[in-house]
Amino acid sequence: MTSFGNFGRDSYAWVAKEKGFFADAGFEVDIKPGGGTGDNITKVEAGAAMFTPLDLTGVLLARGNGGAKGVTVVAGIQQNTMAAIISLEGNKITAPKDLEGKTLADSPGSVVRNLFPTYAKLAGVDATKVKWVNGLPANLIGLLAGGTVAGIGQFVVGKPTVESVAKDKKAVVLPYSDVMDDLYGNVLVTSTKIAKENPEMVKRFTAALIKGLVYSIDNPKESGEILQKNVPAATAAPAAAECELMAAFVRPADSGAAAGTIDPERVARSIGILQDAGAIPAGLTPDQLIDSSLVPAS
């Protein structure tokens, strides 16, 4: 499953399929649109999907509060969180404090929504003064463009897609990384059962997917076209722009981290941020979530 709907940020899965990377690794892959962190965790635990990218912070929040016990992290996708609130010019939102008194939309299980109380606390926002309403992944941008809500939960790279729908309005992006710079973005997860019973298969699948990820950010125009070919409702140009923007998150210039890797020490710091904010209780450690023997080597 994709992380959330059918956007350019997840086009690397179709790239890995279209370019034959999955086939070369011995896989026939069916790609379905995901519904956000909470929904995707449920489907992987139930066996309805074998792999999905999930925002690591969302997984930490879920596991720290007693859930997500049946999933295991096996690779990194984005080395920094892409979680954000996106609004439009004219909605009187230019800084986090401006969110107070506004109505925002996102799916109930989205990491942007679930992490919002922590973001609000660190950004000096009274979260009780912000109203959230439910929206399906495919409908969120339309709700924003139509003026039904003042902002939506999105990833930073969603800016081009938002502007392509809003047409004459520019997007305003409030990245969570402005106040939480140690957090990872999406990571690849599988069920704990699969990770334990079929580790070599997991490694082969991960390598093929990461190959598609790297190809997608190196060839954004082609990646957008591949997404549109496989998902006719998607539009190639905004998808390509998302891939281009995502390059800085997959291979940050200042980190030197190789694509797919995960640093347990950084994950520990992320856990500390959530614990300090009161989002999860003490006791969670990186090795409860991440199988380091399956994560690509740096």
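Predicted model: local features only at pLDDT ≥ 70, side-chain atom pairs only at ≥ 80, totals over all residues.
Reader: What is the order of the three strands in the open sheet?

Author: Strands of a sheet pair through backbone hydrogen bonds, either parallel or antiparallel. Here strands are DSSP runs of E, at least two residues, and helices are runs of H or I, at least four, numbered from the N terminus; two strands pair if DSSP finds at least two bridges between them. The order is S3-S10-S4, with antiparallel pairing. S3 (51–55) and S4 (71–76) are the edge strands, each pairing on one side only. S4 and S10 (residues 186–191) pair over five bridges, and Val-73 stands opposite Val-189 in S10.

Reader: Which helix lies across S3, S4 and S10?

Author: Helix H3 (residues 37–46) does, running at about 150° to S3. Axes are lines fitted to C-alpha atoms, for helices over the stretch in contact (heavy atoms within 4.5 Å), and angles run from 0 to 180 degrees between N-to-C directions.

Reader: Which residues have the most contacts inside the largest nonpolar core?

Author: In soluble globular proteins, nonpolar side chains tend to be buried together. A core is a set of buried (under 20% relative accessible area, 1.4 Å probe, protein chains only) Ala, Val, Leu, Ile, Met, Phe, Trp, Tyr and Cys residues joined through side-chain atoms within 4.5 Å. The largest has 85 residues, and Ile-85, Leu-99, Phe-116 and Tyr-176 have the most contacts inside it. Helix H9 (residues 199–218) gives the largest share, eight residues.

Methods. Residues numbered from 1 in each chain as written. Heavy atoms only, no water. Buried < 20%, exposed > 50% of the residue type's maximum accessible area, 1.4 Å probe, protein only.
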